[in-house]
Amino acid sequence: MRSRGPRAVAFLTIFALSATLACAAETPRPQIEYELRLHGALFQGENPVEGGPMLMLDLRRSGDCWERVWGVAGNFNRSVHWGRVTEGRVADDAISLALAMSIIRDQYVGGGRAAYTVELKRTAAGSFEGTFTGTFKGQAVKGRAEATALPQRKPSAPDFVPARPGEHPRVLFRTGDLPALRKKAETDLGKAAISKMTDGIGLGIRYQLTGDRKFADEARAFVERRMAGEEAEEPKLDSRHGTLKFGWRYEQVGVTYDLCCDAWPANFRKRVEDYIVLWTYRLFYSKSFYNGETQWDHGAGESGNMYHGAAMAALALWGEKGPAPARPADPFAGREPAPEIPPAAAYTPGKDVPVSRFADGRMPDEWIYVGGFMPKPGEDPLAALGGPAKARPEVGTEVQFGGRAETFRPLSHEQKKGRYNDAIDVTNAIGRVMNSTSYFYTVVENDQPRWVRLVTGHGGVTAYVSGVPLRDGDVARLQKGVHPLMAAIAIGETNPWGVIHMQPRFIEQTAEQATARVAEIRADYAETLKDWQFDTEQWNRTGGQSVDLLRAFELTRWSMYMHLREAFGTGGSQGDIAGNSYGSALGPGRYAQAYRGMFGVDLSPYADITHVLPWKIFAHVYPPSGGPTAQDISGPTEAGGDYFANLFPLAPDEWRPAVLWAWNRETGAAGRESAANAVSAKGHPSTPVYAFLNYPLDMEPRPPQGILPLAWEAPDFGYYGFRSGWAGQDDFVVQFFARAHVIHGYNVPNAGTFRVMGLGRVWARGLPPLRLHNQRAFENVVALPDEEINDTAQGRVVYAKTENDGSGVVTVDLADIYAQTNEGTDRAGKAVKQALYERYGNARRPGAFKDTGIRGIRSFAVDYSARSGAPCLIAVVDWIVGGKSKMWTWHLDEKTDLKTAKVDGGTFTLALPGGDSIRGTFAAPHNPQIRVDQRGVTFEKTYNRGKGEVQDPGIFVAGADPTAGEFFAVLTLQRGDPPLVKVEGAGLAAKVTVGRRTVTFDGQKIIFGE
């Protein structure tokens, strides 16, 4: 097990002091929960800015008691912030709140205390709107506030008994489930699964099934290796950053603890608890331990894979007992708040000791140092020199401690040997000895008395100035003279390539600033005491449950809820593309399943993770034999056996027989006789465990027809699916994507695109992501090649209606696409493009958009009624005002043979082998220029790997006037000859008749008529 380094201990102490009250924390069933948004509540620099970052908070109230507040400000930094409600009044028509928040720094942006007063009134739509005032970093802020009450979570069963503190096992299953699981273990499915259960969780399950303690002992050894960081047995999980293993590791440690708790000695259980708490906080607040390239956004595939492991572990530790929270120490206890520091009496710097003049805000250039010691509590490596306060070393002064002899030596100015830009690189200076203490010494010659503030750049530094100890942020009166400066730093760990650095320096202050700083420290301590009082009340209320473990549970529960909302949204669709998104649902899905099993309610009150697997099934066509096929539109539609194993229990009850049918089709399983095939599915290493737990041997699978819907709506992301039936390989599956939400992770500029599959072939596709460098013209949209626009902006759904037969219409406003982006400044003052949307909560930032005068909407409609004379009728209307040349695009399958393509005026026809055909008629633009041909598309490969080329057959349409922005296309797909099409009128006002169907556009939406 990795030891808890001094820096980590200090961090956990800070975290503990900043926690707030969680009422009735033994049950996660608040009466009501609010999502609160404070627009402009924070700022990165020294002063508030107009349109500053939004702070989004989760507020839970049980009766009259408010739980701890959690939140994020994604446009501010990557940390998760916490706080408490100091006053809260809720009425039917209004909410009044007073909040005390701890805004936590990350490695780039600092934090501080914040306080807000919020006044909200209920709107006609049922949400709340109002304003807030407050302070952050001592500066006044104000702005717009919004709140939404989340739907109530419904109990999973009327007689459900939630897990109790101290009850184990409880994460994967409860003790009452064991008799049925032991019977299941005797089936072919059970035997096949158990034979593959060789990791810690599998060994823990075998212990529970058999009662044989040898499995618990083997599981303990497995967990020991995980906590020691051994990687030999750890799986590869599809991330070039190598970080996804950590989620698997923490899940293994935590869930194995739950399964083997009663067989492990108390001291080992305590080690596991400490490990999980330490690494949970590091995962959320010390990301340099992992990898700087990891996508840490809540909702991204990589972060979901990692955060879920800590979340599963926190479920295993929820409710365990712990000591009472320790009262925080007074920061000025036993010392002067702003000491007067005289120069060192009769001191002359020794051999080669660097001396520098006082420089306001600048670290001394030259230092001597010694380091890499590992003292135990109470030990002092410099004791023989009088301790760090009295030590006056010179080059060559020897320090003997812990069996090592080190001498003070000059600090190198070379990068990776002693310097990190203008700071001291502690890690490389001492030879990368982690969890250690080091000492850096110099002398400052102060030419006149002055007030100063010490800034160190690292929270683990104590600076001894002429023997007087100061911490980061302390102020002092520095008298004229020579001042020895000893900087003692205790570091924890970092990754193999990471750097821990410090930058000790003095910043000159006025007397008034020094007085204000002392007052600030005292005020912060007063808030810290209030945090401690709330923690103590929580500890008493819960009968002595560990506040550390409850905080880890609350933090990870909230992060998993955020992941479900940001990764999938209502309807269960997904926007994150590429390989890292593969496991985006699996780990969070396992957590959602475990949470429900422990507490009897869903983690999210929305139809998000519960609908992910059915959504993937919806996009598939199932031929009579062979594997199913699907088209990705935004986010992978693949649904391997591991998806079914991990997510099956989350699907709505009424859909599960059809989901089981699809599981069997995917894996070749079919009831008890071949159910073992569900275990052998390739993919995630958790598959054997979850296939064993979740495959229902007593359920009869049923084909999806009449069970799963024919039209799919996922409004948060703007995904709309239209399906003709569940009959077989000739089924039509048409998908439309508005891109109506911020997409985390990898994605492409695809607002308003679509996919078409039917009659056993692909009719409309998007070009592959081309190593993640994509263009909007690669999608089925109207391209504006001569305009500088926001390709990656969102569409806004303004109308949507679906029919029971799978038909439907959706209209999306694309104005954000056709705008430009205003410039702002980053925290360093450099000009940058502003963020168009808040990173979380999908809030639009109006001030970021620069009007180009271009406006546009797209309406997209599908008709399966067969009244047109074709099994599939598609209509597309684009209305774009302003801008230069425009090109309407429909990308065909890359293997499409275009030899039979014919263009006749405003109509094109393409007949394909086997008698299938597509015909399209354009009522607009006037005199359309239609090309059905193949282009060679050149693109830049990721990471400067040169250029690539892909073949792109398609339908490309422009007006005789290339700036024309009205497109009205009606297309039929069929086997055999297409039906005749009649156009009456012109432009968007035209009426198109196809068979017994009419197609018109009323200015907002396409209308199918008789």
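Predicted model: local features only at pLDDT ≥ 70, side-chain atom pairs only at ≥ 80, totals over all residues.

The peptide bond leading from histidine 168 into proline 169 is cis, and its omega is near -5°. A second case involves alanine 924 and proline 925, which are joined by a cis peptide bond with omega of about 10°. Proline 925 also belongs to a loop, here the one between strand S45 (916-924) and strand S46 (929-940). As background, most peptide bonds are trans, and most residues other than glycine have a negative phi.

Lysine 416, although not a glycine, has a positive phi of about 70°. Its loop runs between strand S15 (409-410) and strand S16 (419-420). With a relative accessible area of 67%, lysine 416 is exposed, because the threshold for that class is over 50%. Arginine 432 is likewise not a glycine and has a positive phi, of about 60°. This residue sits in the loop between helix H10 (426-429) and strand S18 (437-446). Its relative accessibility of 26% makes arginine 432 partly exposed.

Attention now turns to helix H12. Spanning residues 547-567, H12 comprises 21 residues, and the distance from its first C-alpha to its last is 30 Å, close to the 30 Å expected at 1.5 Å a residue. The helix is mostly covered, since 20 of its 21 residues are buried. At its start, a side-chain oxygen of serine 546 comes to within 3.4 Å of the backbone nitrogen of aspartate 548. Just after H12, glycine 569 adopts a positive phi of about 70°.

The cysteines may be considered next. A disulfide is a covalent bond between the sulfur atoms of two cysteines. The structure holds zero disulfides. For cysteine 260, the nearest cysteine sulfur is that of cysteine 261, at 9.0 Å; a disulfide is therefore excluded, as the sulfur atoms would have to lie within 2.5 Å. Cysteine 260 is buried, with 0% relative accessibility. Cysteine 872 is also buried, at 0% relative accessibility.

The remaining features are empty spaces. Rolling a probe the size of a water molecule over the atoms shows where such space is left. The second largest pocket contains about 1500 Å³ of space. It is lined by 48 residues, of which Gln593, Arg596, Gly597, Pro649 and Arg656 are the closest to its centre. Two or more lining residues come from each of helix H2 (178-184), helix H13 (586-599), helix H14 (609-618) and helix H17 (687-694). H13 provides the largest share, five residues. The lining of this pocket consists of 24 nonpolar, nine polar and 15 charged residues.

Which spaces are closed off from the outside? There are seven cavities of 30 Å³ or more. The largest cavity has a volume of about 70 Å³. Its lining is formed by Asp199, Ile201, Trp248, Glu251, Gln252, Arg590, His684, Pro685, Ser686, Val689 and Tyr690. Helix H6 (244-260) and H17 are the elements that give two or more residues to this lining. The largest share, three residues, is contributed by H6. By class, the lining of the largest cavity divides into five nonpolar, three polar and three charged residues.

Key
Residues numbered from 1 in each chain as written. Heavy atoms only, no water. Helix = DSSP H or I, 4+ residues; strand = E, 2+ residues; numbered from the N terminus. Expected span 1.5 Å × (residues − 1). Buried < 20%, exposed > 50% of the residue type's maximum accessible area, 1.4 Å probe, protein only. Polar contact = N/O pair within 3.5 Å; in protein donor to acceptor, adjacent residues only side chain to side chain. 1 Å grid on protein atoms, 1.4 Å probe; cavity = no way out; pocket = protein on both sides within 12 Å on 5 of 7 lines; lining within 4 Å. Points joined across faces, edges and corners; volume = space filled by probe spheres on them. Nonpolar A, V, L, I, M, F, W, Y, C, P; charged D, E, K, R; others polar.
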